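Let's take a walk through a protein model together, one piece at a time.

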2 protein chains.
Amino acid sequence: MAFQPYQASMLALGQAPSVIRETFEYGLRRAQEIGRENVFDFSLGNPSVPAPPSVHDTMRRLMDETDSVLLHGYTSAIGAEPTRAAIAADINARFHAGISAQDLYMTCGAAASLTVTLHAILCPGDTCMTFAPFFPEYRVFVESAGAKLTQVPADTENFQMNLQAFAELITPETKAVIVNTPNNPTGVVYTEENLRAFCKLLHEKELEYGHPVYLIADEPYRELVYDDTTVVPYLPNLYDNTFVCYSYSKSLSLPGERIGYIVVSPKMQDSRLVYAAVCGAGRALGFVCAPSLMQRVVAENLGKTADLSVYRRNRDLLYKNLTDYGYRCIYPDGAFYLWVQALEDDANAFCRKARDYELLLVPSDSFGCKGFVRIAYCVTTEMIERSLPAFKKLAEAYGK
Amino acid sequence: MAFQPYQASMLALGQAPSVIRETFEYGLRRAQEIGRENVFDFSLGNPSVPAPPSVHDTMRRLMDETDSVLLHGYTSAIGAEPTRAAIAADINARFHAGISAQDLYMTCGAAASLTVTLHAILCPGDTCMTFAPFFPEYRVFVESAGAKLTQVPADTENFQMNLQAFAELITPETKAVIVNTPNNPTGVVYTEENLRAFCKLLHEKELEYGHPVYLIADEPYRELVYDDTTVVPYLPNLYDNTFVCYSYSKSLSLPGERIGYIVVSPKMQDSRLVYAAVCGAGRALGFVCAPSLMQRVVAENLGKTADLSVYRRNRDLLYKNLTDYGYRCIYPDGAFYLWVQALEDDANAFCRKARDYELLLVPSDSFGCKGFVRIAYCVTTEMIERSLPAFKKLAEAYGK
């Protein structure tokens, strides 16, 4: 075989244009041309509210009170015991889940939670499933773990999990299913009914196949829900063979600090062996330990969140006005995304047209679903207010 | 094939006993039995001096002056441009290396620097070489990237790179060679003469094979050298196809914070394509970005180091006394390790015997070399002083 100076698949990933990133970069260039205040960039899912003040209070106190060698030293590869114990206690207080410190593995954020989990369980020949629309990096993570991603077509009415299509696509080679609620890109929270039906079906398949099918709950948006009535069920309570992949990026507005965790449910079959495989995967991928200062910071800020009222206000403002203008919007219970049907069949063409009005939206194709756009409303309310006339004109251009 | 509930290789890694970790855990138990002051634990390479005060000064100032959303937000996947530009300028001021910001990729520490680099370049069928004794995780990282590690036997006289053995073992399948100077576990700094001869040989092999053979310089200990005359040559200046994998863990005593970088030498063949593959590998492994606050902190603390005088004092104290007691010690120019010949052929048996004197040493076998022990002297000087009678008695037990 000819010499390859680099891994071809890694080069492809490094060169692959991300539509989200490309849209964001376009926005930066456009802002230089016409002024930042005239560009309405809804492309990035980057929290727009500060971390709660207690985060910096904790950091200052830790620097004052804690020996530097301890504060910034290696923790155990699985994470500091006090941090894991505090998180387990918080989970149990909220969800009565029976988690203990030994079931938790601290990570460098949600992406690491997923790659470590996937590398721990996926073998060549396995498939991993997920429900469209979905975060496009799932495909990258599953394939880099040596397996294949199967996407379940979207339920384009309600954007709940499409269980009928799922039942038709699952096979004995299915090792795991990634479930993301509150959902990126739709903002939809899967209903308890939908989740219970899914778990029942999944468990039937386990019995039929004679082996576990893991449920991977990717839930960085768990705390980002806006109506008091919204319930995000805790999946280890509904299904034994569950991993929870969490990150503090959104709840504490610390996305750059790379801090999160994996729960390996103690009810999982061979739970301790699977946990050991998680440890092995973390080691093989080079994670060593989650950032040590942030491990202490999150342990002392459990139950706190960034000020979510801005996101709620943004959601209400966009949903109401865009609906008034004639757009079909899926009502978002959580996350900070609004999912809107494009006003022509081709979402890419619609997004190009939107750029004429300086509206930067992300077409749905890269999320595994055609004909919609994602509007990330983690922006200032002022920008949304300024953008409304543009949304109105765009609708009018399509005869709405 | 039978269903596997986990990746067997990951389980094996998660369950594999690390001799270093096992020794450390033994020390903790032993300390509970006989008191911490009576156990002499030299097992772990964990910095024992605090971060320089300027690190906390910088953190406090950044919290006071910088918008939280910017301070803790995602940076570009390759790292913040100002950080990369500052590091490149510092490298060029010290080594005249012609590096620019676009050649740097910020990482979550040295292990991540290595796994991302290895995943970027290694293909199935490739081998990666390194020189014994070596950091045992190299094998884990190379194998998890799908390639094979070939270890070059140690030069047990001087613990420089054994170039004769290297020349016999390199093959056209050799894609890369990892070089670690100052060295873990020996503390030896490879001489400029040794490195130049190695680079010359490597380049001849490139010409012979008609393809690049990458040099991966793993140098987290670069700043930890104790004699003013010690020179650690900058490898991109000696060899074009070089990666530098760096970490601030040791130089700034921030091992838990996971911050480092990769340099892809601009002189490397297809440098921009290889850099793109590095970006792809970081993405595939789930790194997203290096911790954002620490990216700013290191950029403002370039050229600073933790107080290395403690390590120098420890080195001098141990080297002089152990040599006096009759041990053969390899003189360490850098890092914080002393490499000592065991007083019997079996280093494991010698380490068990040392435990009778409460001395916790790491046998050399796991570093790919028999008959020696590693003494990590990143401990308090007081502990070393208390341990000296035990080292003396251990030598006497062997008739020294």
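Start with a sheet in chain A: seven strands make an open sheet in the order β2-β8-β7-β6-β5-β3-β4, and the pairing is mixed. Before going on, keep in mind that this is a predicted model. Which strands stand at the edges of this sheet? They are β2 (104-107) and β4 (148-152) of chain A, and each has a single partner strand, so one side of each is left without a neighbour in the sheet. From one strand to the next, the twist averages 20°.

Now zoom in on one pair inside that sheet. Strands of a sheet pair through backbone hydrogen bonds, either parallel or antiparallel. In chain A, β6 (residues 214-218) and β7 (residues 242-247) run parallel and are joined by four bridges. To find one of the bridge partners, look for D218(A): its partner in β7(A) is C245(A).

A helix comes into the picture here too. α10(A) packs on the sheet, where it touches β2 and β8 (260-264) of chain A. The direction of α10(A) makes about 150° with that of β8(A).

α10(A) also meets another helix, α6(A). How do the two pass each other? Their axes come within 8 Å and cross at roughly 115°, and the crossing is right-handed. On the α6(A) side, the residues that meet α10(A) include T115(A), V116(A) and H119(A). On the α10(A) side, V274(A), A277(A) and L285(A) are among those that meet α6(A). Sorted by class, this helix contact has nine nonpolar and five polar residues, with no charged ones.

Next, move along to a second sheet of chain A. Four strands form this open sheet, in the order β9-β10-β13-β12, and here the pairing is antiparallel. β9 (329-330) and β12 (362-363) of chain A are the edge strands, pairing on one side only. Two bridges link β9(A) with β10(A) in the antiparallel sense.

α12(A) lies across β9, β10 and β13 (372-376) of chain A, running at about 10° to β10(A). Helix α13 (residues 347-355) of chain A lies across β12 and β13 of chain A, at about 45° to β13(A).

Zoom out a bit and look at domains. In the domain assignment, chain A has domain 1 (8-50 + 306-397) and domain 2 (53-299). The centres of these two domains of chain A, taken over C-alpha atoms, are separated by 26 Å. Where they touch, 26 residues of domain 1 of chain A are in contact with 26 residues of domain 2 of chain A. Which elements of domain 1 give two or more residues to its side of that contact? They are α12 (309-325) and β10 (337-341) of chain A. By class, this side of domain 1 has 16 nonpolar, six polar and four charged residues.

Then there's the meeting of the two chains. 67 residues of chain A are in contact with 67 residues of chain B. The elements that give two or more residues to chain A's side include α1 (8-15), α3 (53-65), α6 (110-121) and α10 (271-285) of chain A. α10(A) gives the most, with eleven residues. By class, chain A's side has 40 nonpolar, 22 polar and five charged residues.

How do the two chains fit on each other? Chain A superposes on chain B by a rotation of 180° with 0.0 Å of shift along its axis (RMSD 0.0 Å). The two copies are thus related as by a two-fold rotation axis. The same surface serves both copies, as 100% of the contact residues of chain A recur in chain B.

| Peptide bond | Omega | Where the proline sits |
|---|---|---|
| A132(A) to P133(A), cis | near -5° | P133(A): loop between β3 (127-131) and α7 of chain A |
| T181(B) to P182(B), cis | about -10° | P182(B): loop between β5 (174-179) and α9 (192-209) of chain B |

You'll find R258(B) in the loop between β7 (242-247) and β8 (260-264) of chain B.

Notes: Residues numbered from 1 in each chain as written. Chains lettered and ligands numbered in written order. Predicted model: local features only at pLDDT ≥ 70, side-chain atom pairs only at ≥ 80, totals over all residues. Contact = placed C-beta atoms within 7 Å. Nonpolar A, V, L, I, M, F, W, Y, C, P; charged D, E, K, R; others polar. Domains from an automatic or database assignment. Pairing = 2+ DSSP bridges. Axes fitted to C-alpha atoms, helices over the stretch in contact; angles between N-to-C directions. Left-handed = near helix turned anticlockwise from the far one by under 90°. Least-squares fit on C-alpha atoms with pLDDT ≥ 70 in both.
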